[in-house]
Amino acid sequence: MKERIKQLLDEIKGLQAINRDDLESLRIKYLSKKGEITSLFNDFRTISNEQKKEIGQMLNDLKNTAQDKINELKSNLESKVSEENKLDLTRTPDPIELGSRHPLSIVKTEIADIFGRLGFVIAEGPEVEDDWHVFSALNFPPEHPARDMQDTFFITRDPDVLLRTHTSSVQTRIMTTQEPPIRVLCPGRVYRNEAISYRAHCFFHQVEGLYIDKNVSFADLKQALLYFAKEMFGEGTKIRLRPSYFPFTEPSAEMDISCNLCGGKGCPFCKGTGWVEILGCGMVDPNVLESCGIDSKVYSGYAFGMGIERITNLKYQVKDLRMFSENDVRFLNQFKSAY
Ligand code: PHE
């Protein structure tokens, strides 16, 4: 019996447990009702009285050692578990999926970048405007249809507070507060009272440019726009200017670019003409300069304005304007850009 006790003692001192199940089966093996140590206690009853004292002590020793060992293994396991649950600050984080820029932002930034290379700086103004900045200062006659409720969202009437219908109002703000030379690019959201469809929305985005200095000519305007068209749509792009009318420019023109889908041969997109219209432009009307406090005998200037949605459609062939404001990530995710 002594031999058996010594053997078990050695065995128990060397025990290891890798998990809770392991530990439990060790407890069962040695200390449960049918365990090895318990059965030695049962055998203890049969030994002679002279041996009882010595063996009894050995048995108690064995039982305590086993109990201590099991407790020790248990606390080891517990500290190991809490160690594993600790935050590991050295671990690389789970990658967060990057979002993509909105296509209108991509195109706006690209336009700003191109004109930035010609020296234009960004200027911004409020979306809620008054009649003077949006219409009167820009030479709109009192009966002009754009001033009608049908085109303009009014917030109050008399005094007229309204949502700007074009970013030309930013030009007014710049001309009344800055001295020429002025070279600004005004991107922003504008509002018009239109029925919403695939080709019209009650709000959209424009970029407007204004350059005022001594001796600014129509040739300067044309050259700047040609540079823009080639940078935006490719070196082979051609431009064409058609006479037009805007209250705030004289002369005024609309600019077409050669259709970038068919290369000018004619396709359904350009309705067979080979040209697509992209912007309005002209020389700033002297009346506008004067009403903004700029001497029209000393200074001249040009202005142009384009819809960002239109340019984006040309670049990416988005068929339905409403996609831009629906926030459908399946649509938005397709636009990856360096901008
Ligand atoms: N503001 C005009 C529009 O909304 C565009 C434009 C700007 C035309 C500047 C000429 C010069 O249509």
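How many helices and strands does the protein have? The protein has eleven helices and ten strands, where helices (H or I, at least four residues) and strands (E, at least two) are DSSP runs numbered from the N terminus. This is a predicted model, in which local features need pLDDT of at least 70 and side-chain atom pairs count only at pLDDT 80 or more, while totals for chains, interfaces and linings use all residues. Residues are numbered from 1 along each chain as its sequence is written, and side-chain values use heavy atoms, with hydrogens and water left out.

**Figure 1. Overall dimensions of the protein.** Along the principal axes, the C-alpha atoms fill a box of roughly 130 × 50 × 40 Å. Of the 339 residues, 40% are buried; buried means under 20% relative accessible area, exposed over 50%, and partly exposed in between (1.4 Å probe, protein chains only). Contact denotes heavy atoms within 4.5 Å. Among contacts between residues at least 6 apart in sequence, 66% join residues at least 24 apart.

**Figure 2. The open sheet β2-β4-β3.** Three strands form this open sheet in the order β2-β4-β3, with antiparallel pairing; two strands pair if DSSP finds at least two bridges between them. From one strand to the next, the twist averages 35°. Two bridges link β3 to β4 (residues 161-163) in the antiparallel sense. Thr156 stands opposite Val161 in β4. In the loop between β3 and β4 lies Pro159, which is joined to Asp158 by a cis peptide bond with omega of about 5°.

**Figure 3. Packing of helices α5 and α10.** Helix α5 (residues 103-116) and helix α10 (residues 308-316) pack at an angle of about 100°, with their axes 9 Å apart. Axes are lines fitted to C-alpha atoms, for helices over the stretch in contact, and angles run from 0 to 180 degrees between N-to-C directions. The two helices are therefore roughly perpendicular to each other, a class that covers 65 to 115 degrees, whereas angles under 35 degrees count as roughly parallel, over 145 as roughly antiparallel and the rest as oblique. Residues in the contact include Leu104, Ile106 and Val107 of α5 and Ile308, Ile311 and Tyr316 of α10.

**Figure 4. Surroundings of Ser291.** Ser291 lies in helix α9 (residues 286-291) and is partly exposed, at 33% relative accessibility. Leaving aside neighbours within four places in sequence, Ser291 is in contact with Trp132 and Ala137. The C-alpha atoms of Ser291 and Leu138 are separated by 8.1 Å, although these residues are 153 apart along the chain.

Figure 5. Asn139, in the loop between α6 (131-134) and β3, has a positive phi of about 70° although it is not a glycine. Its relative accessible area of 25% makes Asn139 partly exposed. Lys271, in the loop between β8 and β9 (275-284), also has a positive phi, near 55°, and counts as exposed at 74% relative accessibility. Pro251 is found in strand β8 (residues 249-258); a cis peptide bond with omega of about -5° joins Glu250 and Pro251.
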